[in-house]
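Student: I would like to learn how to read aromatic pairs and nonpolar cores in a model. Can we go through them one by one?

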Amino acid sequence: MSEPDRVPARSERLKFYQVGSFAAGNRLVDPALRTVQSDEGRTNSITSGHRACQGCGEALGARYALDAAMRAADGRIVAVNATGCLEVFSTPFPETSWRVAWLHSLFGNAPAVATGVAAALRVRGRPDIRVVAQAGDGGTVDIGFGTLSGMFERNDDVLFICYDNEAYMNTGVQRSGATPPLARTATTEAAGPEPGNRFGQGKNLPLLAIAHGIPYVATATVADLHDLEAKVRRAMVLHGARYLHVLVPCPLGWGSEPRDTIRIARLAGETGLFPVFAAEDGVVTEVTPIRQRQPVEAYLRLQGRYRHLFDAQGRARRPELIARLQAIADRNIARFGLDRARVPTETAATVPARGAS
Amino acid sequence: MLRQIEGSRAVAETVGLCRPEVVCAYPITPQTHIVEAIGVKIRRGELAPCEFINVDSEFAAMSVAIGASAAGARAYTATASQGLLFMMEAVYNAAGLGLPIVMTLANRAVGAPINIWNDHSDAMAARDAGWIQLFAETNQEAADLHPQAFRLAEALSLPVMVCMDGFILTHAVERVDLPTQAAIDAFLPPYVPRQVLDPDDPVSIGAMVGPEAFTEVRYLAHLRQVQALELIPEVAAAFAEQFGRPSGGLVRSYRTADAEVVVVAMGSVLGTIKDAIDVARQDGLRVGAMGLTTFRPFPAEAIRQALATAGRVVVLERAFSMGLGGVLATDVALALTGRDVPVATVVAGLGGRAITGGSLRGLLRSAADGSLPALSFLDLDREVVQRELDRMAGRRRSGPIAENLLRDLGSGPRRDPAGAAR
């Protein structure tokens, strides 16, 4: 394909300034490309005053995602919420942080409840109202997986968002099927000869979602607002079952500083531990390349849940365990082609869409 | 219109006339024919606009109904037995949220041992869930209870469960008078929700409620159940006036005016009981029957009145609470608090065991002569029980009980379990 025909990458017209991070300040960006969050007219779908911990990645992720969805749906959203932190910290009645129509039913049924809402809206002739369901990783990969898989295979018109903080934080940091190897949780204590969560376990929900052949599957982190919003925007253009998996660090459960939430989320991507990509109709269409590859140790050292890997002087106690995690990250990088950072910037933003050559 | 029709199809036809908007289906015997038949009608466009959703579990079925109802649609599903237990968390949730979902329960035993035949242990497991629970005696009543259920549910913002005996009713082909669309439309107004998910007027539904208000929320749910005690007879009367036949209501009495012994029961067994009473009356026994159409809310006052002149009460129930005895009997005894009337429990018809006229006539005789114990099991095969008790006493690893019993029964000549207790 000749260069002028190439589909312009989402971000290639941005001019980046080095500010110690890779965030592009909104004031430097063409107004049309600015984030929903930068607009003071944003919905604030989940508004201030909620009871999330300082530095909560989930609260941030939910606001980013729902505000973007509200913008895309012209303010007509019904949100369905699974039980979990997000539900508990947002609705200590008589206060509610939700400025969208919002329903919480149970822990494991948000996908099915969302299916019911979507069906009712079809019957009532309201295709303009869109349905977004949201849950933590427990409500998504474990207790909610049956209903989620059912919603996927029926291709119900629901955008399901998983805010993944890699354990059951609301109940006191217990292991989930999304807890990574070596992470300390209350049920994978840093005790005994094999401290932390085991290797060789866990569910990769984005890949399972892709296997359902649904129209859209994407991953994102709260570290990249532009990317997250773009994925919500893309999801909202499409119909049928769509899945967005957002990594949201949890200072309480991860034993990290509230100020490091974004930093840790970025490191999750930059190490290769959390590949950021999108897939449509079962095919990966977009991979966010790692700009500055980091060793997994840089990610682990910021988190108390991995403290058992290091001694008081900060030396690795069991380097072979860290090497195993590094191998997982390396495999992700190879598998998704995350190491395109060295290819010319014109093509760095995305891998070609399906059909492009 | 009179039709010779299977009970499940009669229910499906009538539910169709109620203009459901979202119907969720998950297969479980003996409920399947109901949702299958509704599914065909939806496929053909006869119920448009209506969505038929094949879900992945009963838990999902009730959850889809919850979402649909909260978004303002008239939602319906059907289940039985394990299905009801699997969806139980959502069953409680639907009632707690005050969503007027209607569900048919094709009553079936709950395992283990797995058993597809009829009893009421499934419905009893849901008795405290906050649903209105109605029991049909006949297929005509099973059909007629559904428009009444939608009307009650939507008037009170409470879910309603219509219980009909699995196989005995669901699979019986009988004459049923099916209503017309115009008549149902006149009886059942469109659904106007008290709460709805509306982006133009956003509300949060399903918030956490702490100790400061949980009691009051529950008390209000109780008040609506108490209201239902008033409304159920009104709706039944309105139905009788419009359709010209009695269906529904709280309780119904049969030959109780001079009865010394009154048998209390729910569901299709009432037909057999009435026949047995007619025979017993020819033998000079003063016996009658009282059927509950409404189990939740519990019509204690109506029961007190219906049993005002009874000298002895026998509660025959197709379920029981292990370690206690009768479930319905416990409630009936509570309704009779302060009156010196013995209430005996007879557990009968578990897991589809036939409740025969012969056994019931024997029961009525022993009730009349005062020899009926406080708790008994109709047609219990004591010989089979004793063999297993001996086996368990004989060795530690005596093996699985259900399989042992089946082996015992299979090894000898086939015996009529009804005859075993004689």
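Student: How many aromatic pairs does a search of the whole structure find?

Tutor: This is a predicted model, and the search finds 13 aromatic pairs over all chains.

Student: Are the rings of A:Tyr299 and A:Tyr306 stacked or tilted?

Tutor: Their planes stand at 50° and their centres are 6.4 Å apart, so the pair is tilted. A:Tyr299 counts as buried because its relative accessibility is 3%, and A:Tyr306 is buried at 2%.

Student: Which residues do ring pairs link into a cluster?

Tutor: A:Phe152, A:Phe160 and A:Tyr243.

Student: What about a charge over a ring?

Tutor: The charged end of A:Arg324 sits over the ring of A:Phe199, 4.0 Å from its centre. In chain B, B:Lys274 lies over the face of B:Tyr254, 5.6 Å from the ring centre.

Student: And the nonpolar cores?

Tutor: In soluble globular proteins, nonpolar side chains tend to be buried together. Here the largest nonpolar core has 102 residues, and A:Tyr243, B:Met62, B:Trp131 and B:Leu307 touch the most other members. Helix 3 of chain A, residues 110–123, gives the most to this core, with ten residues. The core also draws at least three residues from each of domain 1 (2–243) and domain 2 (251–377) of chain B. Another core, of 44 residues, lies apart from it and includes B:Val35 and B:Phe187.

Conventions:
Residues numbered from 1 in each chain as written. Chains lettered and ligands numbered in written order. Predicted model: local features only at pLDDT ≥ 70, side-chain atom pairs only at ≥ 80, totals over all residues. Heavy atoms only, no water. Core = buried A, V, L, I, M, F, W, Y, C linked by side-chain atoms within 4.5 Å. Buried < 20%, exposed > 50% of the residue type's maximum accessible area, 1.4 Å probe, protein only. Helix = DSSP H or I, 4+ residues; strand = E, 2+ residues; numbered from the N terminus. Domains from an automatic or database assignment. Phe/Tyr/Trp six-rings, centres within 6.5 Å; stacked < 30°, edge-to-face > 60°. Lys NZ or Arg CZ within 6 Å of the ring centre and 35° of its normal.
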